[in-house]
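These are my notebook entries on a single protein model.

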Amino acid sequence: MALLRVSPSPHIKHEDSTRVIMADVLIALVPALVWSIYVFGFRALTVTVVSMAACVFLEAGFQYLMKKPVTVLDLSAAVTGVLLAFCLPVTIPLWMVLIGDFFAIIVVKQLFGGIGKNIVNPAISARIFLFVSYPSEMSAFTAPFSYVSPLSIVVDGSEIEAVASATPLSQLKNGIIPDEPVWELFVGNKAGCIGEISALLLLVGGIYLLVRRVISWQIPAAYILTVAAVTYFFPGSSQPIDFMLAELASGCLALGAFFMATDYVTSPATPNGRLIYGAGCGLLTVFIRYFGGYPEGVSFAILTMNLLVWYLDRYTKPVRFGGEPKKK
């Protein structure tokens, strides 16, 4: 008699493997990476490559030491490394990148059992860990085209100070519409983290994932539309349309909506659950942006909703054909 093999998610029901899916995610991130190199210089590429390589090395090393199958060829660790790098300022010291990679791969992923068993998104968790541990370094943003040293382990403090720039979100938090036109914000001519500045190219990558059916539309649509609705009807300035558009084009909203909130392991499995999950991410994002001490709320919102996925799956699960209705 054949045995039924039970394995953790993600469960693939067609010919695509985890490696193919993760390769698609990496391809979708390439346009935003190229733009960040153009805006911030080759330091952006350095941080991204170091983060990706460190995540792969840490996962392979941990699995080897624990006598587990080495699964780095599925590219999930590489995706985590790139996503974490995209959430970091270009001036971050490289040794801090390694600390973030360790937290993402070892603490959040491998100690919970590896891919499919982590309860929160590793890249987002590492970003929050670094922000809590090193708030000044995580807030050292540079103005566009103010290039810093690409290969130094630690960027000189005076160099950072010379090119420091306020992000559009910090201006929006104070009720100020950024000076840059909305199109400039959307394209990515602004201060910010490495991979979050160009909402346009992140949208291009997101559409690629939708076309490839790597992700479904419910989470990004519910997420972005919720942020749009709340910031329009409850704007932080007297110009609701301009305020809403600036909120949508700023920060890591596009990165979070298409690449992080849609993570298979930490997002709901049901369509209705995904809609609720995306809307919850949107509401929390705006709430934190308005009332929190940090101008960006995407990471905290997604991390919070990650913890509610089990409940969303439980209460949005369809009734089995011929089964009894769910008890209230």
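**Entry 1: Glu 247**

I looked up the accessibility of Glu 247 and found 3% relative accessibility, so Glu 247 counts as buried. The scale I used calls a residue buried under 20% relative accessible area, exposed over 50% and partly exposed in between, with a 1.4 Å probe and protein chains only. Glu 247 is found in helix α12. I took helices (H or I, at least four residues) and strands (E, at least two) as DSSP runs, numbered from the N terminus.

Before going on I noted that this is a predicted model, in which local features need pLDDT of at least 70 and side-chain atom pairs count only at pLDDT 80 or more, while totals for chains, interfaces and linings use all residues. Residues are numbered from 1 along each chain as its sequence is written, and side-chain values use heavy atoms, with hydrogens and water left out.

Which side chain makes a polar contact with the side chain of Glu 247? I found that of Arg 289, at 2.6 Å. By polar contact I mean a pair of N or O atoms within 3.5 Å; within protein, one must be able to donate a hydrogen and the other to accept it, and residues adjacent in sequence count only if both atoms are side-chain atoms. Setting aside residues up to four places away in sequence, I listed Leu 169, Leu 172, Thr 231, Leu 253, Arg 289 and Tyr 290 as touching Glu 247. A contact here requires heavy atoms within 4.5 Å.

**Entry 2: Helix α12**

I then took the whole helix, residues 240–249, and found Phe 243, Met 244, Ala 246, Glu 247 and Ala 249 buried. An α-helix has 3.6 residues a turn, so residues three or four places apart point the same way. The buried residues of α12 pack against α8 (168–173), α9 (182–187), α10 (199–211), α11 (218–233), α13 (253–260) and α14 (271–291). Gly 251, which follows α12, has a positive phi near 70°.

**Entry 3: Thr 231**

From the list for Glu 247 I followed up Thr 231, which lies in helix α11. At 0% relative accessibility, Thr 231 counts as buried. The side chain of Thr 231 reaches the backbone oxygen of Ala 228 at 3.3 Å. Beyond its neighbours within four places in sequence, Thr 231 is in contact with Pro 240, Phe 243, Met 244, Glu 247, Val 286 and Tyr 290.

Met 260 lies in helix α13 and, at 1% relative accessibility, counts as buried. Leaving aside neighbours within four places, I found Met 260 in contact with Leu 83, Cys 87, Asn 121, Ala 123, Ile 124, Leu 255 and Ile 302. Met 260 and Ser 299 are 39 residues apart in sequence, with 8.8 Å from C-alpha to C-alpha.

Is Leu 210 buried or partly exposed? Leu 210, in helix α10, is partly exposed, with a relative accessible area of 30%. Not counting residues up to four places away, Leu 210 touches Ile 215, Ser 216, Trp 217 and Phe 258. The C-alpha atoms of Leu 210 and Phe 258 are 9.1 Å apart, and the two residues are separated by 48 positions in sequence.

Most residues other than glycine have a negative phi, and most peptide bonds are trans. Leu 75 has a positive phi of about 70° although it is not a glycine. Leu 75 lies in the loop between α2 and α3 (76–86) and is partly exposed, with a relative accessible area of 23%. Arg 213 has a positive phi near 60°; Arg 213 sits in the loop between α10 and α11 and is exposed, with a relative accessible area of 72%.

**Entry 4: The chain as a whole**

I counted 16 helices and 0 strands in the protein. Of its 328 residues, 52% count as buried. Among contacts with a separation of 6 or more, 75% are between residues 24 or more positions apart.
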